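Subject: Structure handover

Hello,

Here is the structure I promised you. Please open it and keep it in view while you read my notes below.

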Amino acid sequence: MPLVCHRIPFSLHHHHPFLRPSTTAVPGKLFLSMSMSSSSPSSPPESLAIPQEKEELLSQVLKYHNQTKHSFTNYARGPHGLDWANQPNPFRRYLSAPLLPLLHPENPQNSPPYPFVFDSLPYPEPISKTTISQFLYNSLALSAWKSTGFSTWSLRVNPSSGNLHPTEAYIISPPVDSLSEHAFVAHYAPKEHALELRAQIPSGFFERFFPHNSFLIGFSSIFWREAWKYGERAFRYCNHDVGHAIAAVSMASSGLGWDVRVLDGLGYKELEKLMGLQIFPEFNIPSRPVKGRMPEIEFEHPDCVLLVMPNGTADFEVDYNEMRLAISEFPNLEWKGKPNLLSKEHVCWDIIYRTAEAVKKPLTMAKGTVFEPYRSSGMISGNSYKEFSLSEVVRKRRSAVDMDGFTVMSRETFYQILLHCMPSGSGGQKQRSQLALPFRALPWACEVHAVLFVHRVVGLPNGLYFLVRNEDHLDELRKATRSEFKWVKPDGCPDDLILYELAQGDCGELSKRLSCHQDIASDGCFSLGMVARVEPTLREKGTWMYPRLFWETGVLGQVLYLEAHAVGISATGIGCFFDDPVHEVLGLRGLEFQSLYHFTVGGPVVDKRIMSLPPYPGPSIDA
């Protein structure tokens, strides 16, 4: 019997096998027994033993993960109130850098129908000012302005926790007519939909390493933007946002016939030089949380660089060692522009920055193959999608604030959404490698699964379900979870969808309580928690995989956003959930599998008091 540290009453039916009656039961109630020691680190098997210096890095990462968990009795450390006078500016600008305006596409009909890109990509478009403009407009640009009373705020195509947008984007490109006669590095300014020219690159760089008609997109994170509101848990949310941005870039690229891949052989130092981020002064991490004027805390942490290339590019290798040597000369380029100040005063949550140091990735491979064959994501009969173009779906996606509690979806629609959440697409192959859009941007085997709370799916019993996204983990998952779970395929489930029913019953109140008592988790058609294989992955591959697990959840979350809009409903991410109570419901112990991100999908409640305005002056498809 687990040590009972906390009991929460739930008004649930007695046939829930994963809720155990308390010995002091109240009539009509069940109690969920919590073992708060359930995720304490266990001794690793000898096969996963790692050297001492790596063990210290792992210890830091696991300390961060455990310290930033929410529980029924205690939330992760954060500000006790919001310091509105020092809310970070959501728009980074490089003062005095030349500004290169981009075009504003007006006709979404040039974009393919949304479902088509999951089956095959259109013929690749050439790189031009027009296509670069459209690519950024459909991935990282503003999507609308919102206004109510005296408040006005912007929304973007790529979502962000709290709409705080810690993710900055850079383009590293060969010469583009009407933009630059030389290869260049530029920062993307979404408010202006323009490029800030940071540096010119010596000729021959792209021809030496990359296919014709390709370019790079780099992402970095400003931790302070999220930490201003969310405190120590902000590092998690920043990496969710990186994943959302990766998926946004992948989807926008698909409409132009372009493919995307994270160049994950590059290390932290190479990324920093490639994006020109060495200009930020070194941040000396204090020994405890402190408040004061710390402009150096606004530095940008380099996350990743993506290769955007024509679909169907022949198999080729990237020579990372040779590329490292070429990038080592980038600090000697003439870098233009000084980053603007985002806040006057700051709070440093030191554990964020210690963990960021512990997950810095080294250069890890001499050569690596980038190309993988495109894989269809699968469709089922009775198409549930509205007649939206890809551009309409990505630009009109919104984060729901509330769910209506009555909208339902069909079982076929539910299965269709989940099919597009599978990493390997359809065709009978084993689900493991990430070959389907947009997961194919990630160069590692799938590490993230989903536990689903089904509330309003017609033809499917309410209850707890599990989506296995990597079949290699199935046996581990079954051993790690409660023995009383059924693990049976639901009726009508497609063969390519590795979905299991665990238990039937009304889990609305349960999902609400687990998601920090938020109604939005129970008022949709379904909600879910993304469960990642954590400690074994970090031991096998390195601590640098920790943020990448969150990236993978962000990519999955972006698919849920787009799928929901494409079938005429809505969705939103849920970053606030009680970590170990979720694990207790599943029966998970230790740190082998951990819930990293929650989501809900359903019928949104629209606040008619909020007025929507176009993102940019002039004609707009978003108005």
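Helix 4 (residues 223-230) is largely enclosed by the rest of the structure, because six of its eight residues are buried. Bear in mind that this is a predicted model. Which residues of helix 4 are buried? They are Phe223, Trp224, Arg225, Glu226, Ala227 and Trp228.

Among the strands are strand 7 (167-173), strand 10 (215-221), strand 13 (301-310) and strand 16 (346-348). Helix 5 (234-254) and helix 8 (350-358) are also part of the cover. Look just after helix 4 as well. There, Gly231 takes a positive phi of about 60 degrees.

**The nonpolar cores**

Some background first. In soluble globular proteins, nonpolar side chains tend to be buried together.

In this model, the largest nonpolar core has 182 residues. Which of them touch the most other members? These are Leu195, Phe205, Phe219, Ile246, Phe414, Leu499 and Phe526. Helix 14 (residues 545-566) gives the most to this core, with 13 residues.

**A buried charge**

Now find Glu270. This residue lies in helix 6 (residues 268-274). Glu270 is buried, yet it has no salt bridge. What is the nearest side chain of opposite charge, and how far away is it? It is Arg324, 5.0 Å away. A salt bridge here needs a side-chain nitrogen of Lys or Arg within 4 Å of a carboxyl oxygen of Asp or Glu. Leave aside the neighbours within four places in sequence. Glu270 is then in contact with Arg324, Ile327 and Leu363.

**The cysteines**

A disulfide is a covalent bond between the sulfur atoms of two cysteines. The count here comes to one disulfide. Cys516 is joined to Cys576, with 2.1 Å from S to S. The link of Cys516 and Cys576 is left-handed, with -90 degrees about the S-S bond. This pair links distant parts of the chain, 60 residues apart. Cys516 sits in the loop between helix 12 (508-514) and strand 23 (526-533). Cys576 sits in the loop between strand 24 (570-574) and helix 15 (579-586).

Are these cysteines buried or exposed? Cys516 counts as buried because its relative accessibility is 9%. Cys304 is buried too, at 2% relative accessibility. Cys421 has a relative accessible area of 1%, so this residue is also buried.

Best wishes

Notes: Residues numbered from 1 in each chain as written. Predicted model: local features only at pLDDT ≥ 70, side-chain atom pairs only at ≥ 80, totals over all residues. Heavy atoms only, no water. Disulfide = S-S within 2.5 Å. Helix = DSSP H or I, 4+ residues; strand = E, 2+ residues; numbered from the N terminus. Buried < 20%, exposed > 50% of the residue type's maximum accessible area, 1.4 Å probe, protein only. Lys, Arg positive; Asp, Glu negative; His and termini not counted. Contact = heavy atoms within 4.5 Å. Core = buried A, V, L, I, M, F, W, Y, C linked by side-chain atoms within 4.5 Å.
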